[in-house]
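User: I have a structure open and would like to go through it piece by piece. Can you take my questions as they come?
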Amino acid sequence: MKYVIVGGSAAAISAIEAIRSIDKRSQIDVFSDENTPLFSRVLLPYYVAEELSKPLLNFRSADFFDEFGITPHIGVRVEEIIKEDKAVKADDGNTYAYDKLLLATGGNAIVPKIPGVEKENISTLKTMADAEKILNMQGKKAVVIGAGSIGVEASISFLRRGIKVTLLEQLGQLLPTVFDEEAASIIREVVEGMGVEVITGERAVEFKGNGQVTGVATRAHDIDCDMVLMAVGVRPAVELAEKAGIEIGSMGGIKTDSQLQTSTPNIYAAGDVCETFDVARNTHFVNAIWPMAVEEGRIAGLNMVGNKAEFQGSVRMNSIGNFIGFPAMSVGVTHPDECSYVDEECHFEEIKHRTKNTYKKIILKNDCIVGAIFVGQTQKTGILTNLIRRQVNVAEFIPALMSKELNFLDILPILRHHGDIFTEPEFKELMDTGL
Ligand SMILES: Cc1cc2nc3c(=O)[nH]c(=O)nc-3n(C[C@H](O)[C@H](O)[C@H](O)COP(=O)(O)OP(=O)(O)OC[C@H]3O[C@@H](n4cnc5c(N)ncnc54)[C@H](O)[C@@H]3O)c2cc1C
């Protein structure tokens, strides 16, 4: 058996480990067009803040490829899939045959076509090369465009380096895809309190400057700056798949089945590049987060070896707390209208509780949680992902879930009652960690 894996990050490494847990010998070629192997993208904001050195970004040891008997092709880009020959063509001039192929190509940072976008000192933050470029940008004032998780974290990274920051968001709130307005208003206060200037409801229309960027224009403001970071989103990197005629889903990711196989037999996809079934939304979706990439990689790897493994569905989870030093997390959907309705019998309910510094919201569909937001107090909320994934009826436990301090003893009856629908490792983990 010959395995080829395109991409060398969360999904790819997880797939390698799954394959090797069963098949200790077969040839595995892994390709990454980035020059730095095995770094965690999640930690890049700490690197850009000069708080972590490069070796500390690694999520596997440097001898990982040797230890697992892998042939790495670092800095090599796969350019084409030749389906009829079951081979890939790489930019090192060689062709590599496969029996099973995994596309774990992640996403590409979106670069909007704003006039002046080609000027110096403008970067996205997706790759290690981006991070190094940002570290080399000199100046006292940055503008960050886009207030999603990466934009907010990058703003704090600049602040921690003593660089003044304006965070610009075209919609009316921070973190628009992962928190609702009320939660975002609390987080905005925290972020502004740290020293970030936040402008919402305005979009960048031009980058000023000769050669190097010196400002960002909106319809209402001219914001002076020495550098710009664009964080307006990530799009699944489907070029290879598209060129090979592999089916792309309605959300723009590679369409996969529950075993992570694409529309072409023997070709699998995992991670930010693919669409999988989202339990809360009740439809296929691209949930571009690290833990999903790891789980999808694991399932794809097992199926590539021939062990039938079913993906249990994805659930989005975002936590901004660590980086801003204030607890805030959300899971599943943030509004009922993000769910695809099953029939007219569906009944949605939003239960909210707000104090000065805390906010909790649980969204129910027929008494099962499909989304939750916890701001100011996030301890022991780990169980929410499992309650969503297993669609547990929580009607009688709402007071416990909304109580001031989520208490393990309050939740225990839910676990006991539904122990049979949690997998054994899940149940054990929940019990061991006390949630
Ligand atoms: C700054 C930042 C912060 C983040 N923070 C968080 C967080 O706090 N929590 C969280 O859950 N998620 C976070 N994420 C998202 C998380 O990093 C991704 O979900 C995860 O990395 C996806 O893993 P992946 O393996 O699918 O793809 P990626 O990590 O995107 O890796 C894909 C790799 O494949 C390479 N590649 C693509 N095409 C080819 C080709 N043709 N040939 C060879 N190589 C190719 C790419 O260059 C890349 O190295 C963050 C992302 C960023 C950028």
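This is a predicted model: local features need pLDDT of at least 70, side-chain atom pairs count only at pLDDT 80 or more; totals for chains, interfaces and linings use all residues.

User: How many of the eleven residues of α1 is that?
Analyst: Nine of the eleven are buried, so the helix, residues 10-20, is mostly covered.

User: How do I describe two packed helices?
Analyst: By the angle between their axes and the distance between the axes. For α1 and α8, the axes come within 7 Å and cross at roughly 35 degrees.

User: Is the crossing of α1 and α8 left-handed or right-handed?
Analyst: α1 passes α8 in a right-handed crossing.

User: Which residues of α1 and α8 meet?
Analyst: On the α1 side they are Ala-10, Ala-11, Ala-12, Ser-14, Ala-15, Ile-16, Ala-18 and Ile-19. On the α8 side they are Trp-290, Ala-293, Val-294, Glu-296, Gly-297, Arg-298, Ala-300, Gly-301, Leu-302, Met-304 and Val-305. By class, this contact of α1 with α8 has 14 nonpolar residues, three polar and two charged.

User: Moving to the ligand. Which residues come nearest?
Analyst: There are 33 residues around the ligand, and Gly-7, Ser-9, Gly-106, Gly-271 and Ile-289 come nearest.

User: Which helices and strands supply at least two residues of that shell?
Analyst: Among them are α1 and α8 again, together with β2 and α2 (44-48).

User: What is the shell around the ligand by class?
Analyst: It divides into 19 nonpolar, eight polar and six charged residues.

User: Which domains does the shell draw on?
Analyst: Domain 1 (2-108 + 234-304) and domain 2 (111-230) each give at least three residues to the shell around the ligand. The chain also has a domain 3, residues 327-431.

User: How are domain 1 and domain 2 placed, and how many residues touch?
Analyst: Their centres, taken over C-alpha atoms, are separated by 29 Å. Eleven residues of domain 1 are in contact with twelve residues of domain 2. On the domain 1 side, α2 gives the most, with four residues. That side of domain 1 has seven nonpolar residues, one polar and three charged.

User: Why do Leu-38 and Lys-86 count as partly exposed?
Analyst: Buried takes 20 or more other C-beta atoms within 10 Å, and exposed takes 12 or fewer. Leu-38 has 18 and Lys-86 has 16, so both fall in between.

User: Now a lysine in a strand. Is Lys-255 buried or exposed?
Analyst: Lys-255 counts as buried because it has 20 C-beta neighbours inside 10 Å. Lys-255 is found in strand β18 (residues 254-255).

User: What does Lys-255 touch?
Analyst: Leaving out residues up to four places away in sequence, Lys-255 touches Glu-247, Ile-248, Gly-249, Thr-262, Ser-263 and Glu-275. The C-alpha atoms of Lys-255 and Phe-277 are separated by 9.9 Å, and the two residues are 22 apart along the chain.

User: Last stop, Met-402. Where is it found, and what does it touch?
Analyst: Met-402 is in helix α11 (residues 398-402). Not counting residues up to four places away in sequence, Met-402 touches Ile-351, His-353, Lys-360 and Ile-362. Met-402 is partly exposed, because 14 other C-beta atoms lie within 10 Å.

User: And Ile-383, buried or exposed?
Analyst: Ile-383 is buried, because 20 other C-beta atoms lie within 10 Å. Ile-383 lies in helix α10 (residues 383-389).

Notes: Residues are numbered from 1 along each chain as its sequence is written. Axes are lines fitted to C-alpha atoms, for helices over the stretch in contact, and angles run from 0 to 180 degrees between N-to-C directions. A crossing is left-handed if the near helix is turned anticlockwise from the far one by less than a right angle, and right-handed if clockwise. Two residues are in contact if their C-beta atoms, placed from the backbone, lie within 7 Å. Ala, Val, Leu, Ile, Met, Phe, Trp, Tyr, Cys and Pro count as nonpolar, Asp, Glu, Lys and Arg as charged, and the others, Gly among them, as polar. A residue is near a molecule or strand if its C-beta atom, placed from the backbone, lies within 6 Å of it. Domain bounds come from an automatic or database domain assignment.
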